[in-house]
Amino acid sequence: MNDPKKAVVLSSGGLDSTTVIAVALSRGYEVYSLSFSYGQRHVFELEAARTVAETMGVSRHLVVALNMNDIGGSALTSDIAVPKSRSEGDMSRGIPVTYVPARNTIFLSIALGWAEVLEAPDIFIGVNAVDYSGYPDCRPEFIRAFETMANLATRVGIEHPGRIRILTPLMHMSKAEIIRTGLALGVDYSLTHSCYDPSPAGLACGLCDSCLLRKKGFLDAGVPDPTRYQSPAGS
């Protein structure tokens, strides 16, 4: 691997992944952000990811097209209603219909391929196990298993055992801690998009799991929420 230090950062345009970009930049990485047009319900997260990349000065932002809507099985890729107004207890039980089958496995695999081409040994992903939405591919056990696989399945992993790292700087932070971290690093959260079911104009619903966790994070952090919601019910 050659200097400067490079990293691939998975970017959804949301609060967590944007914070991870800021963390990687603060650690001196040359950042290559990676997003996916995978058949999701709306384009606003991709628009946010592009804006974030341009604003934060990443070295390159790549959008890879996939057809996960052909597989279906998720409220984010199929004609399945997005759950609204769930309690924290409800969110902590079971795997929600917004889980996209094997999404992080697929995304990390493509990130791994790009990282190997870039000679970037480190891959950042904004998974979190504290404000948990029930996704199995956000758990520490999954990340450790994928890192082991990555070092077995690639040329760089064979030539330099243990060289590939999957970094999860937000894994054990609350949403409020994530927000405080990002603000300290200069993140403009008004550029980000988290809602699963926005209006045609891109306004957040305020009621899906992602919106509720985001709103709680800003409230707990004691800072204003810059999100544009579509109605007083979501404000």
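Modeller: A note on classes to begin: Ala, Val, Leu, Ile, Met, Phe, Trp, Tyr, Cys and Pro count as nonpolar, Asp, Glu, Lys and Arg as charged, and the others, Gly among them, as polar. This is a predicted model, in which local features need pLDDT of at least 70, side-chain atom pairs count only at pLDDT 80 or more, and totals for chains, interfaces and linings use all residues. Residues are numbered from 1 along each chain as its sequence is written, and side-chain values use heavy atoms, without hydrogens and water.
Biologist: What classes make up the lining of the largest pocket?
Modeller: Nine nonpolar, seven polar and three charged residues. A pocket here is an open set of points on a 1 Å grid over the protein atoms alone, where a 1.4 Å probe fits, with protein on both sides within 12 Å along at least five of seven lines; lining residues have an atom within 4 Å of a point.
Biologist: Which residues lie nearest its centre?
Modeller: Ser190, Thr192, His193, Gly202 and Arg228, out of 19 lining residues.
Biologist: Which element gives the most to that lining?
Modeller: Helix α2, with four residues; helices (H or I, at least four residues) and strands (E, at least two) are DSSP runs, numbered from the N terminus.
Biologist: Turning to β1, which strands pair with it?
Modeller: Strand β2 (residues 30–37) runs parallel to β1, joined by five bridges, and β4 (residues 122–124) is also parallel, over three bridges. Pairing requires at least two DSSP bridges between two strands.
Biologist: What is the bridge partner of Val9 in β2?
Modeller: Ser33.
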